Amino acid sequence: MKNLTLRQRLLVLTLLPSALITTLLVLYFSMSGISALESQLRAKGLATVRYLAPISEYGIIAGQMESIYGLVQAAMQEPGVKAAIIVNPKGRTLAVSGRVSLAAETIRQRLEAPAQVDESHDWIAFGAPVIRSQTDSDPLFDIAGLDNQPQETIGHVFIELDKAELIERQRELMLQGFFAILLGLGLMGGLAIAMADRLALPLQRLATAVRSMSAGHFDTRVAAQSSGELRILEDGFNDMAGHLEEAHRSMQARIEEATAQLVFQARHDALTGLVNRREFELRLDKALDTVHAGGDEFSVLYIDLDRFKTVNDACGHLAGDELLRQISLLFQGRLREEDTLARLGGDEFGIMLANCSLSKARQVAQDLCALSAEYRFVWQDKIFAIGASIGLAPVTRDVRDVQEIFALSDAACLQAKELGRNQVCEAAPAAPTERRRDRGNWASRLASALSEGRLIVEAIPIRALQPGLPGAQIAELSARLNEPGQSPIALNALIDAAERYDMASVFDHHFLETAIDALAQASGRKSGMGCMVPLSRAAISGPKTGDFIAAELARRSIRGDGLYLMFSEEISTHQTSQLIEFSRRMRELGCQIALTEFGGGISSFTQLRTLAPSHVRLSQSLTRDIGDGVTSTALLRAILEITAEQQIYSIAEDVDDTPLLEHLRRLGIAYAHGKAVAPREPFDAWFEGAVMRGSRG
């Protein structure tokens, strides 16, 4: 039953009891008919011998053989009589007719009353005694006395009945019963099939529709042809299928929309909507293949905004994001539809001028440069002049690949920066070589500065403004590069150039090694020393810096307590996932994370929960104008409440006058550095003093 369909189960459940009952009833009536036929035959045989015995009495007594023979002949005329025999008391045959099948022993037996004497498959025999009658003609006859006298048997009569007619009638009866069973089963089967179809077919249609729906055919429906509960099921399924189809159609539309959006996001910058660097490279590569195949040459502009960082520092990243969007619209208004404007990252843009001669490309670059110089960005109560440095690189058949295009245009943009910004420089064929030579010069200058001790590491002391704060001796590390005959190069300029030429890790490792070495020497002296080390974006771009810190701490057998790793808010915003992983690993070593330039934009607050820093160095835009109005003070108070709630210490930077320092202390800022706290000094000198002060404490 497990593998049967519902229709087959209904047929079995309907037909099996019906067939059983019908068969039993037919068999019962057939067997009853057969039994009745046999009873009739036996009754006929007994009736015949009862009739034949008395009328044979006279012939036997009188010895009239012809009369006796006439009696057996008359008996043979009865339907079904096979043979008739009349015998004397000793069993000697007096008259016989027909073919006798009775045995001699049976004929010679003495019978007391009519009875069946023998039977075979083909015949049945009956016998009866012939008894002498008692006369009542003598009036002197004593009837009472005669009743006590035994009756005298003067012979026997036997008849044999042929069972062929009985067997034939039984066969007919069995055939009738068989046909009755077939007819009954046929009628019951037809009725069962009709009932099964009426019940099962709607359910089968529903099951087929469900399988079709499971296969993804959401337009499947069933014909609502039934009644009662089945009609409710059919209508319910159709309603459900309609809702599923609508939900599927809506989901499919959402998937297609999301897919299109993902494709768009993969090729475009999320902030400006412009083509991103990857898509720009693909388009450049395709255009370069066309040039190599004999197509028209084109030009590429590499644009770097000049004073973008000023806007970020003064107004925060929210203002910087809005500036990038406005500049994008400004540039797009000057370009053709066939040109491609892309945001390459940060404040850098790239433009591919298709089918554009060098003279026209130069004019477009000059126009964009002029537009950037004339443009004024307004944010709240501040107005900024921006400007742009543009590198122009013509792309000819001599250019080998996309990387060379970027090298040429980037070198030209760098030249525009070095020449005073806000101008256009055209890339020369030798520009990549010069750029590589310049890269080599930077590497050799940095290497020689480190070996000759011209890279001076400085300490900017940080003082606690509130009582009970941890870290009695804390300093932020900085540096400057002294070169013969030149002005000292500040840390920001060094890091900017180093990041451009992939040399930032040299600074990071030098600062880290200096700080870890000092912490190792101060360990065990209870000096409460802490070193805040500024790190570049290269520090979290791979595992090398983390491996370096772990190896240095292990080599000196100390934990990272007292080592504060500082990152700018720009890095934490654009490389959040990498910084989260780096922070997790550093905390396992005991180190702490600090954010700089905090509070310049609304995006700052999202970093507090994701990165969980221990310290934030407030943006100077928050503390510089603290006395000018209520708005600045209210904003600073809000930031301090948020950081205090999350147990994050605040640091005010470059506090140069004592009244401002006192005002910041009253507001609740935890730490500060600047001229009003302590002047910067060489790190070695600060370290010796910090150790001595810690020993006295």
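Biologist: Which residue in strand 18 does tyrosine 564 stand opposite?

Modeller: Before the answer, a word on the source: this is a predicted model, in which local features need pLDDT of at least 70 and side-chain atom pairs count only at pLDDT 80 or more, while totals for chains, interfaces and linings use all residues. Residues are numbered from 1 along each chain as its sequence is written, and side-chain values use heavy atoms, with hydrogens and water left out. As a general idea, strands of a sheet pair through backbone hydrogen bonds, either parallel or antiparallel. Two strands count as paired if DSSP finds at least two bridges between them. Here tyrosine 564 stands opposite glutamine 592 in strand 18. Strand 17 and strand 18 (residues 592-598) are paired in the parallel sense, over five bridges.

Biologist: How many helices and strands does the protein chain have?

Modeller: Helices (H or I, at least four residues) and strands (E, at least two) are DSSP runs, numbered from the N terminus. The protein chain has 23 helices and 22 strands.

Biologist: Why is strand 17 described as largely enclosed by the rest of the structure?

Modeller: One reads this from burial: buried means under 20% relative accessible area, exposed over 50%, and partly exposed in between, with a 1.4 Å probe and protein chains only. In strand 17 (residues 563-568), six of the six residues are buried, so the strand is largely enclosed by the rest of the structure. Both of its faces are covered: Leu563, Leu565 and Phe567 lie on one side, and Tyr564, Met566 and Ser568 on the other. Across the protein chain, 43% of the 697 residues count as buried.

Biologist: With which sense, parallel or antiparallel, do strand 16 and strand 17 pair?

Modeller: Strand 16 (residues 529-534) pairs with strand 17 in the parallel sense, over four bridges. Within this pairing, proline 534 has methionine 566 of strand 17 as its bridge partner. Together, strand 16, helix 16 (residues 544-556) and strand 17 make a right-handed β-α-β unit. A crossover is right-handed if, with the strands pointing away from the viewer, the path from the first strand over the helix to the second runs clockwise.

Biologist: Is alanine 84 buried or exposed?

Modeller: Alanine 84 is buried, with a relative accessible area of 0%. This alanine is found in strand 1 (residues 81-87). A contact means heavy atoms within 4.5 Å. Not counting residues up to four places away in sequence, alanine 84 touches Val72, Ala75, Met76, Ala95, Val96, Ser97, Phe158 and Ile159. The C-alpha atoms of alanine 84 and isoleucine 159 are separated by 4.3 Å, although the two residues are 75 residues apart along the chain.

Biologist: Which strands are the edge strands of the mixed sheet?

Modeller: That open sheet has five strands in the order 7-8-6-11-12, with mixed pairing. Strand 7 (340-345) and strand 12 (424-426) are its edge strands, each pairing on one side only. Strand 7 and strand 8 (residues 348-353) pair in the antiparallel sense over five bridges. In their hairpin, which has two residues between the strands, glycine 346 takes a positive phi near 60°. Elsewhere in the sheet, strand 6 (residues 298-305) and strand 11 (residues 388-395) pair in the antiparallel sense over eight bridges, and valine 300 stands opposite alanine 393 in strand 11.

Biologist: Which residues does asparagine 312 contact, leaving aside its neighbours within four places in sequence?

Modeller: Asparagine 312 is in contact with His317 and Gly320. Asparagine 312 is found in helix 9 and is buried, with a relative accessible area of 10%.
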